[in-house]
Amino acid sequence: MRTKIILSIILLTGAFMFPAQAQNNIPVFGNARWIGGNDEDLPLYSQYLSVFKIQYDLQFKESSKQVKAGFVFGANDMRLMDKYKNIERIENKKDSSYILVELDIQGIVDQTRNGVAMLNIYRVGYSPGDKKDIPLKTFEISQNIINRNNIYQTHTFYIEVVSGNAKIHIDATGRDNLVADLTLNPLGRTDKIAFPVLGDVGFPAEISNVEVRNFRSPSNVLRKITFPLKQPVFNPSQNSMPLLRTGFKVKQNIAKAKLYITARGIYEPYLNENRIGNDYFNPGHTQYNKTLLYQVYDVTSFLKEGKNDLQVQLGEGWWSGNATYAGELWNFYGDRNSLLAKLVIAYANGREDIIVTNPATWEYTNESPVIYGSLLQGEVYDARMDTQHATSQKWKPAVEVSLENHISTEGQPNRPYVNDYSGFQLVEQFGQTVKPFDTLTAISVEQAHPRVFVYDMGQNMVGVPKIYLPNTQAGQKIVLRYAEIKYPNLPEYKNNTGELMLENIRGAMAQDIYICSGAGNETYQPHFTFHGYRFVEITGIDRPLPIENVQGIVLSSIDKFTAHYETSNPKVNRLWENIRWSMLGNFLSIPTDCPQRNERMGWSGDISVFSRTATYLADVRQFLRRHLLAMRDVQREDGRFTDVAPMGGGFGSILWGSAGITVAWETYRQYGDTTLLTEHYDAMKHYIDFIWEKYIDPQTHILVQENPDSWDNLGDWLGLEQEKNDNSLLWESYFLFDLEIMRNVADVLDKVADERFFTEIYNQRKAFFNATYIDGETGKTICSGFMQNKKNMPKGKWIDTQTSYALPLAFDIVDEEIKTKFTANFIANIERENKMDDGKAASPYSLLTGFIGTAWINKALSDIGRNDLAYRILQQTSYPSWLYPVEQGATTIWERLNSYTHENGFGGNNGMNSFNHYSFGAVGAWMFENSLGINRDEKSAGFQHFVLKPEVDESGQMTFARGYYDSPSGRIESSWEIQGNEIHYRFVVPENTTATLYLSGKKPAELQAGTHNFQLVTGVSIQK
């Protein structure tokens, strides 16, 4: 950032002024103000905007004899003007693709067509079947809206478009004035690539007072358009992302300088042309109306005596951009980005200068080089506007930005109102921010079509590219698109083979545009977006760049891994690497479900099952502490944890909400810090109270949840025999697991009365579980009689699925007198051929569990002494299994075990299909705790004392396993290797710790710090 400016210094002190609803924890910023642009500065980039409202007036003049007039939008979508950027090979010329909303009053004028006006919707150039002279759909307009008496009066049209789903009202927005409700997207209604975007617009003289608005309340105006137009169809885009600056003077002998900074949106600061820090997407994602983080930087080395320049570029981030799968929630927290900052310069003589954000001393421009920056849609960067190249930029005084009229007033029970700032806190950053973790270089490039070059990064990664562009021309437009996978060479995809498969990206544009400055040699690296991808397509160049010119900056909130696992089975090793890569990509500010499509949300079910694995892989205590704060921030008043945090909403109920219990406990057990338990305990207790009081049917005593007939009370999500499960068995299992945790937490925190209460409920519900869900004669799992998803599941009917056995065993809730039969049924299920929900047969030792059961199946097998079966399932390669995706070339964990197959491609799941989804990677905990045998001691959190209990693959398919865990108490190493009839073990116990060792057939041994070697020979233990 190089624009040189001189502004007067103002040293500000005194109380910080802020809206009455948000005054907590502000004093650190003194009397700084939230600053930004005004209402006319809201950015609009029409090629990326797929959620919007259009409002306009239309009036016919009787004297003109005109009976038809229409409004055009969605015109000249760049994806439909290049046959290689859409699935159907459409290539339109300029102004030949559009949506036309046409009012036709011919029927009223000449009393034909029942004397009613018509609304004709034309879609042209979007699909091969579109006709410019035949409407896509025609709607009659009620005579209560337009009739013979008012046809020449002004009528106001309200068009709403959400990812291709459109509603059109006339003269009012109520139900009675809804004229049209239709899908404009040729690809379909849900989970699809979004068409149309706002695109170019056009209208005749009969239309006036045109406004483009945000869809979500308060639906502020993005652009007012007036007639006459300079051309029939034009691009309404205007304004860039906000850029702010201030100038100040610095005296001699600086001792220390600190910058305190945050934003509504995301920010990137520069001081005297130097970027401050290497963070991305600060201040990170929290529930902004409850918690907003700020960062503190030591900027002493950036300052110089005399004139200094501080600039901050803002982006949408999660505040005001496209941030969820629900398109209507665009600009979820607010629609105007703003900055809050304080720079404190301390001198050797003890004096201080304080520079704060204030309209009197800061300037603003809406002509920054970041034309648009969206986490999901992508970045548009015009290097010609970069301050070091621009010949002029329009700077004006910044303004104070209030929350009033810029945040939504919408909410619902599971998605809290974001205008409630009653509990707002401004909190200093804790836990890792998003930073570069690694840099990859493309391994190959293919020319998919003329001047279309697809680079393979060799690894499904999350981050941004760094592209070196030689010999550039001013105004040259480089377009980058991203995908996890390409269309394979199969008959189904014959027209698209070798192209990016973007259907699973859905409503996210996932596209960056770089407009060259003409400097000759340029480098482009986006900063206000991120992508989940393996393949990057580059167009706008005549010949391919050398592969070394295409790099990928891997971004994550993980700064290093704390665990390693390696075996003699290379496919298991690849599975381990896939688990690591999926965690790396999805631990980005929050624990997301997936990093690529229009979702990237903190689904609680995913982190609940994965948290144990996560605590081994990296030091995530503060990361998870931050996420639990987000769960509290969106927790309902009645105690229910929502299924997504931050933002709330979602579906899944108890199996998802239990993350508020399980994640807290896993974090404490791993790191031994009671701080999180203490601050989270009341929320945990409130949740248990909610389930106990609201979820249990008073007649049957079955745990039924809210709206028991609703499909979104999820069970074993994506389990291959989920249709056979009685979800209430799974819910009850998790409730008992939660209760067991709660009585342990109460014990840790010395809450004696609570511990008794939780124990009493636990004992009641355990007895109920055994009586209700287990057949006392056969030991099979049975249905409770619960009416599930309007499907009759007769009481006493066998369930007999892997998950229905795995959860009760892993949670130790099966009565001893029936456990032998129960485990025998579990084993029989695994060892037999089973029929999946799709009717196809699954071979013995297949993995039929979904998101919930998969986390526990191997633990359950090891707990009953069947490590042989756990290893068999782990190393199974046929579908469905953990290694099946590895066989298909996976470099991350997939959402579905058959997300892609060499034989069947995507199996029809093109849209609902993530290739980076860590849930099935929850087996990582078993790899550590059972295969390597590195276990927490149930009586000693934090690994001051721990357990070593390695389990050998007795089949010999895996001949060794070795690894380490960098625990809070030091590095723990464990390994075993089979050599003939001998098993060799090696353990390292870190300083100031002890371990209890369990080896098969031997008495427990107490190990002190140091290296320990053992070998077992035909039952004889010899210590070296």
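In which sense do strand β45 and β46 pair, and over how many bridges? The structure is a predicted model, in which local features need pLDDT of at least 70, side-chain atom pairs count only at pLDDT 80 or more, and totals for chains, interfaces and linings use all residues. Residues are numbered from 1 along each chain as its sequence is written, and side-chain values use heavy atoms, without hydrogens and water.

Strand β45 (residues 994–997) pairs with β46 in the antiparallel sense, over 3 bridges. Pairing requires at least two DSSP bridges between two strands. Strands (E, at least two residues) and helices (H or I, at least four) are DSSP runs, numbered from the N terminus. T996 has E1006 of β46 as its bridge partner. Both strands belong to an open sheet of 4 strands, ordered β40-β41-β45-β46, with mixed pairing.

A pocket is an open set of points on a 1 Å grid over the protein atoms alone, where a 1.4 Å probe fits, with protein on both sides within 12 Å along at least five of seven lines; lining residues have an atom within 4 Å of a point. The lining comprises 30 residues, with R612, A810, K859, D863 and E938 nearest the centre. Helix α9 supplies the largest share, 5 residues. By class, the lining holds 15 charged, 11 nonpolar and 4 polar residues. Asp, Glu, Lys and Arg count as charged; Ala, Val, Leu, Ile, Met, Phe, Trp, Tyr, Cys and Pro as nonpolar; the others, including Gly, as polar.
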